[in-house]
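Dear colleague,

Please find below the structure that I am handing over to you, together with its sequence. My findings follow it.

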Protein chains: 2
Amino acid sequence: MKDVDFCVIGGGFAGTTAALRLKQAGHSVTMLEARDRLGGRTFTETRPDGSWIDRGGAWVGPGQDRIQALMREYGVPAYKQYTGGEAMMLVDGKEYRYSGTIPWSMSPWVAMNLGAALLDLGHLCKTIPLDAPWTAEQAERWDRLTLEHWLNTHVVSKAAHELLEAALAGAYTSAGSEVSLLFALYQMASGGGPAFMLGVEDGAQDSRPVGGMGAVYRPMAAELGDAVLLSRPVHRIEQDVGGVTVHAVDHIVRARRAIVAVPLAIASQIHYEPMLPVDRSFLHQRMPSGAIIKTSVVYDEPFWRTAGLSGQSAAPGSPATITIDACTDTGRPGILCVITEGPVARRIGAFDTADRRHTILGELAERFGERARTPEDYIEQDWSTERYSGGGMLSHAPTGVLTQFGHALRPPCGRIHWAGTESSAVMCGWVDGAVRSGERAAHEVREYEMAGAAGPARS
Amino acid sequence: MKDVDFCVIGGGFAGTTAALRLKQAGHSVTMLEARDRLGGRTFTETRPDGSWIDRGGAWVGPGQDRIQALMREYGVPAYKQYTGGEAMMLVDGKEYRYSGTIPWSMSPWVAMNLGAALLDLGHLCKTIPLDAPWTAEQAERWDRLTLEHWLNTHVVSKAAHELLEAALAGAYTSAGSEVSLLFALYQMASGGGPAFMLGVEDGAQDSRPVGGMGAVYRPMAAELGDAVLLSRPVHRIEQDVGGVTVHAVDHIVRARRAIVAVPLAIASQIHYEPMLPVDRSFLHQRMPSGAIIKTSVVYDEPFWRTAGLSGQSAAPGSPATITIDACTDTGRPGILCVITEGPVARRIGAFDTADRRHTILGELAERFGERARTPEDYIEQDWSTERYSGGGMLSHAPTGVLTQFGHALRPPCGRIHWAGTESSAVMCGWVDGAVRSGERAAHEVREYEMAGAAGPARS
């Protein structure tokens with residue numbers, strides 16, 4: 001039994017940031033991570049040649065100030081996402097090439113539909129109070145409608161509909177029929193609107209840390225030192241008037257307060273004694289994770305660039321739904337990242353490895369030429385089978401959940417505090433939101449301790 | 001470590017039936033129940049005077065053949081739900097009295113709206129293939145709409161809307177905005193349609209077992225004898241080519257196959273090794289339980305009967321949303337059952353006990369007279385705080401879940417088989433569905449064993 005001021009459960013960016021800020025403030029802290037690695041839903045693999053692969057969350061963009069502050073703290077520079085050349089859109093058997101975020105070169109009808117929908121969504125986003133989206137004037141109405149229903153009733157062009165479904169529902173890594181319209185609007189609004197979410201330059205895919213996300217979380221962990229314990233899944237948290245007792249495999253931590261920094265479906269697998277208040281434990285049952293496979297395909301050089309292509313492509317419904325240039329700052333080797341989300345990810349996740357590789361490389365060859373078929377390295381990451389993420393990349397709220405249970409996302413339950421990107425009002429769903437949630441939780445536990453605040457909440 | 005043919009996890013009607021049928025077929029079996037009692041989401045308490053209270057599932061109706069077969073096996077007679085006198089409806093500040101299921105005595109406008117909506121729903125239900133509701137012609141469309149959206153677009157009268165919302169969404173013990181229209185239609189269809197679901201005489205509330213549900217599950221457990229182990233929450237199930245190893249608190253069972261017979265949100269808290277296939281583990285994240293408080297109020301006699309009232313009342317939004325006569329077959333003492341569901345149940349669940357009692361008795365006094373304020377006994381059961389039910393009474397599917405993941409409800413994952421009322425195509429959500437699922441699972445494990453079928457499923 002180890003005795004510390006605070007115990008953090010989960011070593012993703014939320015937990016690691018919380019633990020770091022607490023240690024920096026002079027507290028003793030233990031961080032328990034279930035896996036044998038840190039990073040949570042980010043996961044950087046360094047290759048023998050020094051290049052790196054981000055198997056999970058990878059990008060940063062303007063407004064994501066807290067992850068960028070961490071990068072500055074550890075001297076990690078950013079480099080711009082490659083956007084030279086043309087992007088490619090494959091819809092309805094046709095291929096369109098374009099520059100920028102929106103494929104205006106598609107038929108005017110499609111482009112008009114796309115533009116109008118993004119404009120509409122942008123306006124709706126502006127009416128959402130980020131701290132409490134369930135208080136939006138139209139909250140009740142939007143929360144009984146699905147994102148899919150909105151797309152069906154607002155986007156007439158089939159191609160525009162498919163594109164938006166892939167881009168928007170895809171972002172939640174679930175079918176659009178699973179996602180509440182209110183939640184989708186809130187999540188987009190928390191990043192500044194749909195243009196930010198979809199955007200590359202000046203958007204959510206603007207830049208990457210040199211060295212990948214690992215270049216940030218590894219030195220954070222180094223600073224935490226022996227406060228970090230790996231391979232310690234937590235199965236039970238007890239709280240009493242004096243503190244919390246956190247039970248992990250082969251390890252027990254006694255602390256004044258705990259910060260649980262794991263996705264909601266994973267928080268649901270911990271046994272809380274006493275039980276959590278009903279609205280919080282019901283929330284744990286109600287925000288599932290989605291499916292995403294991120295495949296990194298490595299070539300000797302980014303040959304698509306010389307062909308005048310950016311490497312970015314979108315093909316709704318295809319096993320290679322989205323591709324994007326994922327080279328390091330040096331541009332060598334050539335790395336293409338393939339993102340497959342939601343229902344398609346679950347479908348190809350069931351293929352055997354060789355079939356899936358064959359399928360993905362076939363798609364790449366069609367888009368970028370035969371050279372794409374023979375990579376030097378092929379690294380796939382299926383987040384659906386990550387036991388301690390429970391899926392990826394973001395937990396979504398189905399209809400009715402934010403208006404009924406959203407109020408329980410952040411407030412502590414007695415001595416148990418909550419972090420994780422899903423609990424961040426700003427940049428909810430991004431790495432930056434995770435960092436913000438960790439800083440907020442670290443601040444919160446210190447404030448509550450100083451105020452000598454309440455014992456365990458009862459259900 | 002105990003070595004048996006089959007291990008059943010969960011001692012509600014589904015698990016107890018499965019274990020019983022396996023034992024009767026000559027197999028060795030162990031049933032592990034997390035609580036210190038059996039019955040699951042049924043729970044009968046016998047009072048010192050010999051009367052009984054059903055704190056959970058209570059009724060049987062026509063077509064519920066499998067629970068009735070069990071009643072016959074153990075010599076448990078049924079008695080009719082009391083329906084003499086008038087029922088009461090309190091909507092929009094007005095009180096209506098009526099006989100039968102539908103309050104036709106309300107304004108013709110309201111009655112017409114109610115009747116039309118029930119007729120519509122009945123027609124829609126008929127198009128649902130019970131074995132695979134996700135294959136219904138309109139499945140995709142209905143699964144991206146919520147029950148609440150349907151009520152909003154199909155029921156114009158405010159009073160009719162409120163009544164249907166209380167009656168239909170209430171049945172799922174969650175807000176109508178949380179429930180997929182496809183799931184609601186399927187669940188109603190599995191009982192034969194909305195008339196059955198709402199109905200008392202010849203409906204789902206037609207009769208009760210003499211002695212309560214405990215009069216059925218107790219002799220079943222007695223026949224199982226030392227095959228039943230209480231207070232043994234299961235936290236881990238491993239499967240390999242030869243069988244399963246089930247880890248409970250202070251107990252390990254080795255068996256050829258396991259039957260997991262717990263609600264889906266509870267199944268999500270078990271650690272499966274290897275991981276379950278993605279669609280099944282995603283389903284566990286996606287079918288939450290709702291909130292319900294069932295309060296039994298005991299008087300010396302059913303004084304409402306002599307006043308010409310049936311004891312049945314419905315008051316949407318009120319803490320005593322539904323009341324119903326819950327006397328035993330002898331009619332003495334007088335027992336009124338108060339059912340509070342969904343958002344209202346969560347709201348009053350947070351009151352302290354005395355406030356909640358005061359509120360409920362005040363409602364009863366308004367409806368049934370001052371005598372209601374001074375009961376002899378007052379027994380409340382809040383299913384939201386039952387750790388091993390995770391809520392009550394029925395897990396619902398949010399939008400998009402049945403069409404994406406419904407196919408994973410019944411098929412076994414390697415040597416792990418699934419029971420529970422949610423997995424029954426017929427009478428899904430009722431005790432009868434639980435019994436059917438238990439019998440199906442018992443049949444299934446024997447068939448798979450005889451066929452020498454597959455080892456563990458991989459995710």
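**Surroundings of L118(A)**

Leaving aside residues up to four places away in sequence, L118(A) touches P194(A) and A195(A). Please bear in mind throughout that this is a predicted model. L118(A) itself belongs to helix 3 of chain A, which covers residues 108-125. Is L118(A) buried or exposed? It is buried, because 21 other C-beta atoms lie within 10 Å, and the cut-off for a buried residue is 20 or more.

**Chain A as a whole**

Chain A contains 16 helices and 19 strands. Its radius of gyration is 22 Å, close to the 23 Å that the globule rule gives for 459 residues, so chain A is as compact as a globular protein of that length. Along the principal axes, the C-alpha atoms of chain A fill a box of roughly 65 × 55 × 40 Å. Of the 459 residues in chain A, 61% count as buried. If one takes the contacts in chain A between residues at least 6 apart in sequence, 73% of them join residues at least 24 apart.

The domain assignment of chain A lists the following:

- domain 1, made up of 2-40 + 214-288 + 395-450;
- domain 2, made up of 78-101 + 200-208 + 290-388;
- domain 3, which is 107-198.

Taken over C-alpha atoms, the centres of domain 1 and domain 2 of chain A are separated by 33 Å.

**The seven-stranded sheet of chain A**

In chain A, seven strands form an open sheet with mixed pairing, in the order 7-6-15-16-17-14-18. Its edge strands are strand 7 (94-98) and strand 18 (377-382) of chain A, each of which pairs on one side only. From one strand to the next, the twist averages 20 degrees.

Within this sheet, strand 14 (residues 292-299) and strand 17 (residues 334-341) of chain A run antiparallel and are joined by eight bridges. S296(A), for instance, stands opposite C337(A) in strand 17 of chain A. Helix 13 (residues 342-349) of chain A packs on the sheet, where it touches strand 14, strand 17 and strand 18 of chain A. The direction of helix 13 makes about 105 degrees with that of strand 17 of chain A.

**Strands and sheets of chain B**

Strand 13 (residues 251-255) of chain B has bridges to strand 1 (residues 2-3) of chain B; there are two of them, and the strands run parallel. Here K2(B) stands opposite V253(B) in strand 13 of chain B. Strand 13 of chain B is also joined to strand 12 (residues 243-248) of chain B, in this case by five bridges and in antiparallel fashion. In strand 13 of chain B, A255(B) is the residue opposite V244(B). Strand 12 and strand 13 of chain B form a hairpin with two residues between the strands, in which D250(B) takes a positive phi near 55 degrees.

Chain B also has an open sheet of five strands with parallel pairing, in the order 10-3-2-14-21. Strand 10 (228-229) and strand 21 (416-418) of chain B stand at the edges with a single partner strand each, so one side of each is left without a neighbour in the sheet. Three bridges connect strand 21 of chain B with strand 14 (residues 257-260) of chain B, and the two run parallel. The bridge partner of I259(B) in strand 21 of chain B is H417(B).

- Helix 1 (residues 13-24) of chain B touches strand 2 (6-9), strand 3 (29-32) and strand 14 of chain B, and its direction makes about 170 degrees with that of strand 3 of chain B.
- Helix 16 (residues 431-450) of chain B touches strand 2, strand 14 and strand 21 of chain B, and its direction makes about 160 degrees with that of strand 14 of chain B.

**Contact between the chains**

How many residues of chain B are in contact with chain A? There are 37, and they meet 37 residues of chain A. On the side of chain B that touches chain A, the elements giving two or more residues are helix 5 (147-154), helix 11 (278-286), helix 13 (342-349) and helix 15 (401-405) of chain B. Helix 11 of chain B gives the most, with five residues. By residue type, this side of chain B divides into eleven nonpolar, 18 polar and eight charged residues.

With kind regards

Key
Residues are numbered from 1 along each chain as its sequence is written. Chains are lettered from A and ligands numbered from 1 in the order in which they are written. This is a predicted model: local features need pLDDT of at least 70, side-chain atom pairs count only at pLDDT 80 or more; totals for chains, interfaces and linings use all residues. Two strands pair if DSSP finds at least two bridges between them. Helices (H or I, at least four residues) and strands (E, at least two) are DSSP runs, numbered from the N terminus. Axes are lines fitted to C-alpha atoms, for helices over the stretch in contact, and angles run from 0 to 180 degrees between N-to-C directions. Two residues are in contact if their C-beta atoms, placed from the backbone, lie within 7 Å. Ala, Val, Leu, Ile, Met, Phe, Trp, Tyr, Cys and Pro count as nonpolar, Asp, Glu, Lys and Arg as charged, and the others, Gly among them, as polar. The radius of gyration is taken over C-alpha atoms; the globule rule is 2.2 Å times the number of residues to the power 0.38. A residue is buried if 20 or more other C-beta atoms lie within 10 Å of its own, exposed if 12 or fewer, and partly exposed in between; C-beta atoms are placed from the backbone. Domain bounds come from an automatic or database domain assignment.
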